[in-house]
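Please look over the structure shown below before reading the notes that come after it.

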Amino acid sequence: MTIQRPSLDRAAELREEPGAMERLRGDAGTRVIVVREGRVRVVDSSLLRVAPDTVVDATWALLGREADGAALLLAAAPPETDALDAAPDEIWLGLRDLGGRIDSGESEVLVTAIAMAGWLRDAPFCPTCGGGTELRQAGWSRRCLVCGRDHFPRTDPAVIVAVESRDGERLLLGANANWGGRMYSCFAGFVEAGESLEATVHREIEEESGVRLSSVRYVSSQSWPFPRSLMIGFRAVVDDEKAALADGEEIIDVRWFTRSEISSALAGQGPVGLPGPASIARALIIDWYEERA
């Protein structure tokens, strides 16, 4: 679920237009994506667009323009809202539920909407002085009403790494303690203060699996709005395969998998579970598997 080329026109120039949100909310041609508790309504594998006047209670932001030029807004609805009862052919789904069921353009809209809805919900106060804030720039910034500072949606970088053997024939995956050993995935961790991405890769892999790396290369990235991460994907080659050992806290087991075992796991036939199709972790595993399959 990585997006190489942006398909959403974010219409950044509208963010500075006075009264833009009021004008767009009053335009019958404007379309709205409603997000409630990190979920959206989906019909026929597409995100449901509704008219602005059908949304009663929400916090608003500009997502951008559709391909036909129509404005696309976000309405972040509170959990308890009852003004958005879905018709029988509609269902509320989250990013993990949707997986590969929607195309890359819809995925970009979905991830942006979920990320922005989370920020609109979680950041109403100034992190500097604690004062209340008001939305500006069509929902893309907040200004503190007390100290006057401007604040913007945060993105926290994290690395995620597919680690392979020196001959390229095996993949090292780890079982996170939160999964109870039922699923194995790539190793991941947040970038710490003062670190480069490459330094984070080396540190996280050694901390979680005990191995040192001889080479690291960037593959792709994915926005992951839980709550505001940017997952930066790498592939790496180990220096010493025998050193693999789980840290016993965050990672409870590490294991080398052959290409045959990965093939079976991708098909849902064991020996272990792998990440779902919505995750860049699965994309990294497939990237490794298909290289020589």
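The notes below take up a helix, a pocket and the cysteines in turn. The model is a predicted one, and the values given here are computed from it.

**Helix α3**
- Helix α3 covers residues 104–122, and its 19 residues reach 27 Å from the first C-alpha to the last, close to the 27 Å expected at 1.5 Å a residue.
- Because 15 of the 19 residues of α3 are buried, this helix is largely enclosed by the rest of the structure.
- At the N-terminal end, α3 is capped by Asp-103, which has a side-chain oxygen 3.2 Å from the backbone nitrogen of Gly-105.

**The second largest pocket**
- The second largest pocket holds about 660 Å³ of space, and of the 28 residues that line it, Ile-160, Trp-179, Ala-188, Trp-224 and Met-231 are the closest to its centre.
- Two or more lining residues come from each of β10 (156–164), β11 (170–176), β12 (187–190), β13 (213–224), β14 (229–238) and α6 (280–292), with β12 giving the largest share, four residues.
- Sorted by class, the lining of this pocket consists of 17 nonpolar, eight polar and three charged residues.

**Cysteines**
- The structure holds zero disulfides; for Cys-129, the nearest cysteine sulfur is that of Cys-144, 3.4 Å away, and Cys-129 is in no disulfide, the cut-off for such a pair being 2.5 Å.
- Cys-129 has a relative accessibility of 39%, so it counts as partly exposed, whereas Cys-186, with a relative accessible area of 8%, is buried.

Technical notes: Residues numbered from 1 in each chain as written. Predicted model: local features only at pLDDT ≥ 70, side-chain atom pairs only at ≥ 80, totals over all residues. Heavy atoms only, no water. Expected span 1.5 Å × (residues − 1). Buried < 20%, exposed > 50% of the residue type's maximum accessible area, 1.4 Å probe, protein only. Polar contact = N/O pair within 3.5 Å; in protein donor to acceptor, adjacent residues only side chain to side chain. 1 Å grid on protein atoms, 1.4 Å probe; cavity = no way out; pocket = protein on both sides within 12 Å on 5 of 7 lines; lining within 4 Å. Points joined across faces, edges and corners; volume = space filled by probe spheres on them. Nonpolar A, V, L, I, M, F, W, Y, C, P; charged D, E, K, R; others polar.
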